[in-house]
Amino acid sequence: MEMEKFSDSLTIFANDVENPVLQDSLKSLERLIGDKVRILDWGNGCIAIPIEINVDLPSLGNFENLDIREAEPIIIVFDLINYPVLAPRVYTDRINFPKNNLAHLYVAVNNRPPAFCYVRGNADEWYANKRIEDIVIRISNWLRDAATGDLTENGEQYEPLRLEGYSGSIIYDYDTILSVITSKAAFEFGDKFSIVLFERLNLTGRHTYKFVKLITHKNTLTTIKEVDEERKKGTEDVTRKKYHFGYILWNEEGDLKSEYEVNIPRSWEEFKLFCEFYCINYEEFEKFIATCNELNEYVYFPVIIGIRRPSQLIGYSSNIEFINLQFKLDSGDVKDGKVVNNISVDLLSHNQPLTPKLASHISGRRIDLDNSNVVFGCGAIGSKIIMHLARSGQTNLTLIDPDYISPHNLVRHVLYGDEVGKNKAEALAEKIRMIYPFEQTNVLNGPSFKKGLIDKKETFEKCDWVLDFTASEAFFNKLAALKSLDGCKVVSASISDFGNLGIMYKEGEDRNPRIDDLQVYLYSLSASDENIKNWLQNERLAASSNNLTIQVGVGCNSETTILSDDKISSHASYFSGALKKEMAKFSIKGRIYLNRILDEEDYRIETKVISVNPFDTFKAVNDSKWSIRFKSGIIEQLTKEFSVAGKSETGGVFVGVFNYKTNTIHITDSIKAPIDSKSSSTLFIRGQSGLSKKISEIESSTGGQIGYIGEWHTHPDGPNFLSQQDMTSVKKHKEECSKLQPPLPVFLSIITPDGIFPHVF
Amino acid sequence: MAKNASIKYYPVGNGDSSLISLEDNTTILVDCNIRNCDDNETYDVKKDLLRSVQYTNGIPYVDVFILTHGDQDHCRGFKNHFYQGAPEKYSESDKKEGFIRVDTMWFSPMIAEEHSNEDEDAYQQEAERRLTLHRKNDPKKNNPGNRIKIIGYDGKANYKDLDHLRAKPGDIVTRFNDRDQELFSIFIHAPFKEHLEALGDDKKNSTSIVFQARFKNASYQQDFSALAMFGGDSDHTSWCIILEKTKKYKNEHALKWDLFLSPHHCSWSFFNDRPQEENPTPKKTSLEVLDYKRNNAKVIASSKKILNDDDNPPHYEAKREYVKKVTEGNFLNTTTYNVISKIPQPIVFEVTSQGIVKPKQTEGAAKVAGSAGLGIVNTPSKYGNGKV
């Protein structure tokens, strides 16, 4: 039997091919097939080259007995002008090609054969790095896969139709429209026939319809009224919404169709045949649009047809595929409840509205979207991290910031000039809501928590993460000691070193280590880390003060702060990336994330992650308002020295920092008893040899952040309290310490076989 | 998309080297005949193996090595290319040398009795090292590189205490290198007990391990996607017994094949005794074995080019008998199948749920650059006519 070819119907291309790249490709094709190519006229400024390609077929016969042959005729279509920027399209040249059973074919249009969908994604981009020979190989592999059954990559799922030639688009949530069919979420105006309200967006050119609501038994009248209200507005009124009633038709459960080829209807007559093929009852729909055509103000309206497929559609939640059409119906097209003219039908492309879930999927990060988070600080750093989270679907955010957008903020903030004067948290929340216009997001905002609310446990009861981007040391102190956050995971991020060092503290499990522990820990690393040492020393110079509480951190809320937006973005994107990882999988230990920008001869960025074990915590025996927090490892060290000394007393000096704001003493290290110390079973005299030098080194390397804070000694046989002699020393120390500005508490711990007993005076 | 399993027959002249690769990247090497590649006309099997096998900590390894029997053309290169000895002692310099670790050896005691070459000796020694570990119940005995499976029956040496490591004819093996395979299994046909009594020069040949490799693409699949028969150098008497026993135990499914590696490099010995001139009629049983072919089945002749001469193997008359069964197009000779610039290339089949098919063609790209291995890079190029 002579095979019928589509190319037989094409005429020879009468002109010359002038495109030199195309000439080259045709020569390559000729080399490939070992013969001259026939150049046919495809129309629309394209030429068609029919060739035959070889296909390797599997030994046991083709998948589902598909009629794929060892030699398959295809047509390669080149755009005469725009080739090779436009990739060639490839069509089967066999009229009886088994197109109905294959996915990855475009639905045929305009009496042309179906085209192969040979690239997932953009064929033009793919072709930019390929040669014409590669297309031939690819099509041959495509056919081989079709024959082996490997073409449908998603296993048991059904590939949706591939359509082209759209004249507009329609935006709705697949699952919402699905609910009309599966759970009767809308009123049925006829058998398997419901109505949906769409709004046409004010765009020039293509028609774009946006889903508004399903028409239900309850809202029918109010909706009609609502639509009428809009209709009454003058056409010049910018607030006037263009409402269109659209229709959904679907078929009976059990009417499965696995054939791919639907001749997508292009006219009313084709539409009826289409409905008959898919067992869709269109009579009631016809009667409705013919008799109630006044319902729609406009001649255009969308129609959605639901077809049941044998298995779930790839990328969707059910086996129902929606074909989206646009009708154009004039009053002259209807008579006696019938559509009398063969009106034209167009194809609309469906767009899924963005949901947080979809955003999360697209951004490739699995984070728990049910998390609820409170964010303090919507400034430069905060706004950027917040938007990173929001764009990846995390919208359960309560944004807190009392500040207003000032013009100079626009240099480093995500918001734009039209927001100047607005509250930062409010403006940001509004922007997030606009990303997901179809969704009820949980984003909240406010200038601050109402009085006292921040201290209430209930406020943070349902909160997972508390994020601090305020760059405020005062707020940092507040957070560190805030009891109401006990069930939360706390993060604080800020930038320092003139904007070149980004620091993010992430607390450990059960808030240990805490953010203030992490801060002290980071400072203590200056002994071994040259970068940290330099940074802290620079900070001290900049603060030009010997005061212990020098400001570490750079505020951006001033016009005088010189810092570029790209540096802020670099820190923010690093923090956000690290934060999202933590949100997906919480690390039990504390973490310090550092992002260092080296703005030197070359501009470079380096990062560092430091894991921090929980601190050992105590209360002062004599004054429980003081918390004492030991960097992990120190207690073990003391215990060891205690046991080594045996029956003799021993002792040493603590370094760390006091914080009057949080009533916390942080101990970062213990200096062993100097060599001139003396001891017996009941006495310990701490010597002084080399001690001052050691402490001065520590003080200098940490830029004054860490220094001498107290002492310890042992009572090998008890008691667990201070002796008379101990108290005399305390008094002596106190005398000196209280005269300092600010005064230094006297911190003395004793270690006995029963444990450690810290005292603060 | 999941990767398909594949079977690769290397072009090694008269000899066998076949690599089975499963979906999970498990590799099973059946025999090896790794020759020198100095002559520019020999395919570099070792290089391809190093590209095809898996690595752990930089150590290349095959999951299973099946030596069908110890003839030189089935184990050539074992000593120089595969790692022997305690796996924990594999060194950095071993890595540089590209020694391939054999995680699990398949070892047939019967075929290992008569050593004829140093590669076979090396295989035997390595097997004995492993067997000793198992016998001593060494804690390292189950580490990759120490694993071993005994195939068939004992010869002179007695391994009865290691029966838990043994698979016998009629067994179906589904566990490879300490890992259960859902989609792949091996049915063992030979060597069987009768071989012990066999006599004559061809004893080693007739006592080859013979097995059917069985592939599926989904666990719920009823029939197999591909069946590949491997038989070393087994002769017609072996196949006669295989046929008889397999039918007797109602295991006909184990006789079917899509790919048949013609025994002994397309030798006449599969059809009848040699020389063919004296025994020109193929045994009925051998022909019956071939009749278990499935649709579009293929015979692979891993041999030199088959000419119409007196050579054996490969034997021209043997080829004619095969072609009668599968047609000329389905008779593939490793030396002539696909030759690129004088170098024969491996025959590769991929397993799809519709049976075996040639692998996909590889696309090129619009951007190219030469590699350091280019001939022009490695030879001087002379320009102009002047003297240096």
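Trainee: How many residues does the largest nonpolar core have?

Mentor: First, the general idea: in soluble globular proteins, nonpolar side chains tend to be buried together. A nonpolar core is a set of buried Ala, Val, Leu, Ile, Met, Phe, Trp, Tyr and Cys residues joined through C-beta atoms within 7 Å. Buried means 20 or more other C-beta atoms within 10 Å of a residue's own, exposed 12 or fewer, partly exposed in between, with C-beta atoms placed from the backbone. Here the largest core has 121 residues. Among those with the most contacts inside it are Ile76(A) and Phe65(B). This is a predicted model: local features need pLDDT of at least 70, side-chain atom pairs count only at pLDDT 80 or more, and totals for chains, interfaces and linings use all residues. Residues are numbered from 1 along each chain as its sequence is written, and chains are lettered from A and ligands numbered from 1 in the order written.

Trainee: Which helix gives the most to this core?

Mentor: Helices (H or I, at least four residues) and strands (E, at least two) are DSSP runs, numbered from the N terminus. Helix α3 of chain A, residues 132–148, gives the most, with eight residues.

Trainee: What does Ile76(A) touch?

Mentor: Contact means C-beta atoms, placed from the backbone, within 7 Å. Not counting residues up to four places away in sequence, Ile76(A) touches Ile49(A), Ile51(A), Pro88(A), Val90(A) and Ile135(A).

Trainee: Which residues of helix α11 of chain A are buried?

Mentor: Phe476(A), Leu479(A) and Ala480(A). Strands β18 and β19 and helix α12 of chain A are among what covers them.

Trainee: How many residues does each chain bring to the contact?

Mentor: Chain B brings 20 and chain A brings 23. On the chain B side, β15(B) gives the most, with four residues.

Methods. Two residues are in contact if their C-beta atoms, placed from the backbone, lie within 7 Å.
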